[in-house]
Amino acid sequence: MGMNLISRIVRTGAMGALATGLLLGGGTTATASAAPSPTPPTVTATDVAPTAVGNVCYSALPAQAYDTLGLIARGGPYPFPQDGTTFYNREGLLPSRATGYYKEYTVITPGSDTRGARRIVTGDSYREDYYTADHYASFRLINYGC
């Protein structure tokens, strides 16, 4: 009778594992020995979006970005009426903050008849300045230490 009870417990446990696996949407097999963990799938570049916020050395910025940073430090005057206005982070690439936390400023693009695509977006924190060369498709935090 003792073996019959052990056998029943093993069968009940295996059936429970099988039922749980089926309810959770996966195929499951009940085995007495531990099955090896499946190998995780290989992730390719097309599976994951590239990092939107990176870093850029201050010394690697275009010359016009230095002009813009100087204007920001002095409080203007700015070449475009949009400069110094709220950046709403609609793309969701920068850390989520309350409306008004970020401000945007134009980085002049030589030869462009418009504002161009280059901007500096500042946060309220000291030296929280982001550079984008592609009109908010990606951002790079300016590293003032290099």
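Modeller: The expected span of a helix is 1.5 Å times one less than its number of residues. Please keep in mind that this is a predicted model.

Biologist: How many residues does α2 have, and what distance does α2 reach from its first C-alpha to its last?

Modeller: Helix α2 has 12 residues and reaches 17 Å between its first and last C-alpha, close to the expected 16 Å.

Biologist: Which residues in α2 are buried?

Modeller: The buried residues of α2 are Ala-65, Thr-68, Leu-69, Gly-70 and Leu-71. What covers them includes the strands β3 (102-106), β4 (119-122), β5 and β6.

Biologist: And what comes just after α2?

Modeller: Gly-75 is found there, with a positive phi of about 80 degrees.

Biologist: Further along, where is the place of Asp-83?

Modeller: Asp-83 lies in the loop between α2 (63-74) and β2 (85-87).

Biologist: Is Asp-83 buried or exposed?

Modeller: Asp-83 counts as buried because its relative accessibility is 7%, and the cut-off for buried is under 20%.

Biologist: What does the side chain of Asp-83 make a polar contact with?

Modeller: The partner is the side chain of Thr-106, at 2.6 Å. Leaving aside residues up to four places away in sequence, Asp-83 touches Tyr-78, Glu-104, Tyr-105, Thr-106 and Arg-115.

Biologist: Arg-115 is on that list. Which ring does Arg-115 lie over?

Modeller: Arg-115 lies over the face of Phe-80, 5.9 Å from the ring centre. Another such case is Arg-127, whose charged end sits over the ring of Tyr-144 at 4.3 Å from its centre.

Biologist: Turning to the aromatic residues, how many aromatic pairs does the structure hold?

Modeller: The structure holds nine aromatic pairs. One of them is formed by Phe-87 and Tyr-136, a tilted pair with 4.9 Å from centre to centre and 45 degrees between the planes. This pair links distant parts of the chain, with Phe-87 in strand β2 and Tyr-136 in the loop between β5 (129-132) and β6, 49 residues apart. Both Phe-87 and Tyr-136 are buried.

Biologist: Which residues do the ring pairs link into a cluster?

Modeller: The cluster consists of Phe-87, Tyr-101, Tyr-102, Tyr-130, Tyr-136 and Phe-139.

Biologist: Let us take Tyr-130 from that cluster. Where is Tyr-130 found, and why does Tyr-130 count as buried?

Modeller: Tyr-130 is in strand β5. Tyr-130 counts as buried because its relative accessibility is 5%.

Biologist: What does Tyr-130 touch?

Modeller: Not counting residues up to four places away in sequence, its contacts include Val-53, Leu-94, Pro-95, Tyr-102, Ile-120, Phe-139 and Leu-141. A polar contact of 3.1 Å also joins the side chains of Tyr-130 and Glu-128. Glu-104 is 26 residues from Tyr-130 in sequence, with 9.4 Å between their C-alpha atoms.

Biologist: Finally, which residues form a disulfide?

Modeller: Cys-57 and Cys-146 do, with their sulfur atoms 2.0 Å apart. The bond joins distant parts of the chain: Cys-57 is in strand β1 (residues 53-57) and Cys-146 is in the segment after β6 (139-143), 89 residues apart. The link of Cys-57 and Cys-146 is left-handed, with -110 degrees about the S-S bond.

Biologist: What does Cys-57 count as in terms of accessibility, and what of Cys-146?

Modeller: Cys-57 counts as partly exposed at 30% relative accessibility, and Cys-146 counts as partly exposed at 35%.

Methods: Residues numbered from 1 in each chain as written. Predicted model: local features only at pLDDT ≥ 70, side-chain atom pairs only at ≥ 80, totals over all residues. Heavy atoms only, no water. Disulfide = S-S within 2.5 Å. Helix = DSSP H or I, 4+ residues; strand = E, 2+ residues; numbered from the N terminus. Buried < 20%, exposed > 50% of the residue type's maximum accessible area, 1.4 Å probe, protein only. Polar contact = N/O pair within 3.5 Å; in protein donor to acceptor, adjacent residues only side chain to side chain. Contact = heavy atoms within 4.5 Å. Phe/Tyr/Trp six-rings, centres within 6.5 Å; stacked < 30°, edge-to-face > 60°. Lys NZ or Arg CZ within 6 Å of the ring centre and 35° of its normal.
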